[in-house]
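Trainee: I am new to this structure. Please take me through it, feature by feature.

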Amino acid sequence: MKESGRKQGAASPCAACKLLRRRCAQDCVFAPYFPADEPQKFANVHKVFGASNVNKMLQELPVHQRGDAVSSMVYEANARVRDPVYGCVGAISSLQQQIDALQTQLALAQAEVVHLRRFE
């Protein structure tokens, strides 16, 4: 996992603590996942989920699962910023429609190939 952007003993807060205007403790649950040089990452997650909820979710997970959970929250938060109503579901739905259209085109092309091979 990416380093927190804080050196051992340094007072530079992680992006979460900076946004929340609090001192970043050595054992800050946010620091490993929200480095100081990526403030928008936490800002979006905070806007969608709230810092307290993110803190609770991370505390309840084993350390080895927290990185994946943060990645998921960041993905959903970014999708919600772009599309406040549907979030990532809107993106998934759009991609599914594209897949359906492409599968239809492929089936038509395959049928045309079969048809053309009959007349060879």
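Mentor: Let's start with helices, which are DSSP runs of H or I at least four residues long, while strands are runs of E at least two long, both numbered from the N terminus. This is a predicted model, so local features need pLDDT of at least 70 and side-chain atom pairs pLDDT 80 or more, while totals for chains, interfaces and linings use all residues. Residues are numbered from 1 along each chain as its sequence is written, and side-chain values use heavy atoms, with hydrogens and water left out.

Trainee: Is Arg 21 buried or exposed?

Mentor: The terms rest on relative accessible area: buried is under 20%, exposed is over 50%, and partly exposed lies in between (1.4 Å probe, protein chains only). Arg 21 has 79%, so it is exposed. For a partly exposed residue, look at Leu 95, with 48%. Leu 95 is part of helix 5 (residues 88-118).

Trainee: Which residues of helix 2 are buried?

Mentor: In helix 2 the buried residues are Phe 42, Ala 43, Asn 44 and Val 45. Their cover includes helix 1, helix 3 and helix 4.

Trainee: Which residues touch the most other members of the largest nonpolar core?

Mentor: A nonpolar core is a set of buried Ala, Val, Leu, Ile, Met, Phe, Trp, Tyr and Cys residues joined through side-chain atoms within 4.5 Å. The largest one here has 21 residues, and Cys 14, Phe 30, Phe 34 and Leu 58 touch the most other members. Two or more residues come from each of helix 1 (15-20), helix 2 (39-49), helix 3 (51-60) and helix 4 (63-82). Helix 4 gives the largest share, five residues.

Trainee: What is Phe 34 in contact with, beyond its neighbours within four places in sequence?

Mentor: Contact means heavy atoms within 4.5 Å. With those neighbours set aside, Phe 34 contacts Cys 14, Ala 15, Ala 16, Lys 41, Phe 42, Val 45, Val 70 and Val 74.

Trainee: How many aromatic pairs are there?

Mentor: Rings of Phe, Tyr and Trp (its six-membered ring) pair if their centres lie within 6.5 Å; planes under 30 degrees apart are stacked, over 60 edge-to-face, and the rest tilted. That rule gives three aromatic pairs. One of them joins Phe 34 and Phe 42 edge-to-face, with 5.1 Å from centre to centre and 75 degrees between the planes. Phe 34 is buried at 0% relative accessibility, and Phe 42 is buried with 0% as well. Ring pairs connect Phe 30, Phe 34 and Phe 42 as a cluster.

Trainee: How many salt bridges does the structure hold?

Mentor: A salt bridge is a side-chain nitrogen of Lys or Arg within 4 Å of a carboxyl oxygen of Asp or Glu. The structure holds two. In one, Lys 41 joins Glu 38, with the closest N and O atoms 3.6 Å apart. Lys 41 is partly exposed at 24%, and Glu 38 is partly exposed at 23%. Arg 80 and Glu 76 also form a salt bridge, at 2.8 Å from N to O. Both lie in helix 4, four residues apart, about one turn of the helix. Arg 80 is partly exposed at 27%, whereas Glu 76 is buried at 14%.

Trainee: Which side chain of opposite charge is nearest to Arg 66?

Mentor: For charge, Lys and Arg count as positive and Asp and Glu as negative, with His and the chain ends not counted. Arg 66 is buried but has no salt bridge, and the nearest side chain of opposite charge is Asp 27, 9.4 Å away. Arg 66 lies in helix 4. Beyond its neighbours within four places in sequence, Arg 66 contacts Val 29, Tyr 33, Leu 58, Gln 59 and Leu 61.
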